[in-house]
Structure formats: C-alpha cells, structure tokens
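Take a walk through this model, from the fold of one chain to the packing between two.

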Amino acid sequence: MENAFTEVAFWTLSIVTVGGALGVVRTHNMFRAALLLVVSFVGVAGIFALVNAEFLAVVQLLVYAGGVAVLVIFAAMITTNVTEGNRSTGTQPFAVLVSLVLLSALVSAIVQAEWALLPDDMPAPLAAAFVDTPAALGRMLLNEFVLPFEIAGVVLLAAVIGALSLVRER
Amino acid sequence: MLERLLILSAILFCIGLYGALSRRHVIAVLISVEIMFNAVNIALVAFSRYVQPAAFRATGEVTAVAESTVLAGQSFAVFVIVVAAAEVALGLALVIAMLRTKDSVDVTEASLMRR
C-alpha cells in the first residue's frame with residue numbers, strides 16, 4: 001500500500017461493495033435489492049479508480065450504475081409482487097455450503113500462490129502506461145485486440161436484436 | 001495489495017454465487033450473476049496492475065510485447081463488461097417473455113422450454 005489515504009479508501013470501498021452485495025442477496029424486497037446493487041457497483045467503480053483503471057471506473061459507472069441498474073429496476077418494478085418476490089429456494093443450506101467451500105479454496109489458493117509482482121520502481125515504459133491508462137487502453141484495443149473489439153460490437157448488435165425479437169408482441 | 005484485492009474479488013464472487021443458487025426470483029438470480037461479473041473484473045484489473053506481463057518476466061527487459069500487454073487485464077475487463085451488458089439486455093428480455101407466457105418470475109417454475 002502506498003499511503004494512508006489508499007488504505008482508508010480501500011477498506012471503505014471494500015465494505016461498501018461487500019455490504020451492498022450482501023444486501024442484494026439477503027433482502028426480500030426486489031426494489032431494494034436493485035438499489036443496493038447500485039451501491040455495490042459504485043463501490044467497485046471506486047476500487048477500479050484505486051488501481052489505476054480510471055477508464056474502467058467511468059465505464060463501470062456509465063454501464064453498470066447507469067444502464068444495467070435502470071434496466072434491473074425497471075424489470076423489478078414490472079414483475080409482480082415486488083416486496084415478497086425474492087424468496088429463497090429450498091437449496092439455501094446447499095448454497096451456503098458451496099459458496100463457503102469455494103471461498104475457502106480461493107482464499108487459500110490466493111494466499112499460497114507466489115505472484116510475480118511488478119517491481120515498485122517499474123521500468124519507465126511500463127510506468128507510463130499506468131499514468132495515462134485511457135490512452136494506453138485505447139491504443140491496445142485498436143491494435144492487439146482489434147478483432148475481439150469488432151466482435152464485441154457484433155455481440156452487442158446480436159443481443160439487441162435478440163432482446164427485441166424475444167419481447168415482440170406476436 | 002494484490003492479495004487483498006483478490007480476496008475481495010473472491011468474497012464478492014461467492015456472495016454472487018450464493019445469491020444465484022439460493023434465490024427464487026429470476027431477476028435476483030440475474031443480478032447475482034452481475035455481482036459475479038464484477039468480482040471477476042476486480043481480479044482482472046488487480047492482475048493488470050500488480051502482476052508482471054509474461055513477456056517482461058521471461059526476458060526481464062521491456063520489450064514491445066511487454067509494453068503493449070501491460071494493460072491486457074484491463075482490456076479483458078472491457079470485454080467482460082460488454083458481454084455482461086449484452087447478458088443483462090437478453091436476460092431481462094427473457095424475464096419479460098417468461099412473465100408473459102407463465103405469469104411468474106419464479107425460476108423453480110421455469111423448467112420447461114415451452115408454454
């Protein structure tokens with residue numbers, strides 16, 4: 001950790017994110033779950049900003065906290081029985097068990113792994129990429145990743161057409 | 001810092017998994033999956049920031065490849081966000097279609113692919 005500010009920011013954002021996510025899966029009010037989802041998304045955007053991903057932080061706010069949240073709130077409101085619609089299935093103990101087992105496996109793997117960390121004093125060309133991430137990311141998307149970039153556009157088009165044909169009145 | 005971010009990501013992923021497995025409302029399942037997408041994005045961005053690019057580790061020098069892949073994790077996260085947005089749009093269209101044909105949003109009742 002660089003300094004006390006990032007320390008405090010990291011813990012605050014972590015608590016907001018995890019608290020929001022826990023609220024989403026625990027509350028029985030679908031509308032409230034959708035609002036808590038926005039809180040969690042904003043926390044994740046803060047975490048992105050904290051690790052030199054400024055562009056992703058903005059995209060996170062626009063796409064998730066903006067678009068996805070509006071869609072989810074809209075859908076939560078048109079589905080019937082908003083306040084009691086979020087009952088559990090009969091698999092609650094099983095779900096807790098699976099999640100906790102996966103969590104402990106992941107955490108032990110993360111703690112034991114030997115990561116090849118970037119040195120603190122990065123070579124200048126690498127450090128430059130983290131100074132101006134949106135520009136470096138844009139160059140990367142239009143050079144190395146130009147084919148996936150174009151395919152992503154086709155995927156979005158297909159999703160829009162698919163969504164429209166699914167909800168079309170017959 | 002890398003470990004902390006990865007553990008945060010693991011916690012979020014497991015919360016999302018728990019929600020996706022335990023909730024009955026189809027939108028609750030959908031937003032639990034969104035939480036899992038976000039967890040994966042945190043891990044990708046953390047790797048991008050704190051782990052050496054493979055090309056840099058192999059040679060110890062800043063080659064053109066190392067320079068151009070230092071933000072690979074962030075560009076993967078961009079694609080994850082694209083796919084997640086498409087998934088939400090399609091998922092909610094499916095919710096509307098399900099609401100029309102079955103008049104219910106309970107995933108335990110959605111076991112048939114016809115009316």
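**From chain to interface**

Among contacts in chain A between residues at least 6 apart in sequence, 57% join residues at least 24 apart. Contact here requires C-beta atoms, placed from the backbone, within 7 Å. The model is predicted: local features need pLDDT of at least 70, side-chain atom pairs count only at pLDDT 80 or more, and totals for chains, interfaces and linings use all residues. Residues are numbered from 1 along each chain as its sequence is written, while chains are lettered from A and ligands numbered from 1 in the order in which they are written.

Chain A has seven helices and zero strands. Both are DSSP runs, numbered from the N terminus: helices are H or I with at least four residues, strands E with at least two. Of the 170 residues in chain A, 27% are buried, meaning 20 or more other C-beta atoms lie within 10 Å of the residue's own.

An automatic or database assignment sets the domain bounds. Chain A gets domain 1 (1-84) and domain 2 (124-170). Their C-alpha centres lie 22 Å apart. Each domain of chain A gives four residues to the contact.

Now cross to chain B. Helix α4 (residues 92-112) of chain A packs on helix α1 (residues 2-22) of chain B at about 165 degrees, with axes 9 Å apart. Axes are lines fitted to C-alpha atoms over the stretch in contact, and angles run from 0 to 180 degrees between N-to-C directions. So α4(A) is roughly antiparallel to α1(B), a term for angles over 145 degrees. Residues that meet include A:Leu102 and A:Leu106 in α4(A), and B:Ile7 and B:Cys14 in α1(B).

Note on methods: Parallel < 35°, antiparallel > 145°, perpendicular 65-115°, else oblique. Contact = placed C-beta atoms within 7 Å. Buried ≥ 20, exposed ≤ 12 C-beta atoms within 10 Å, placed from the backbone.
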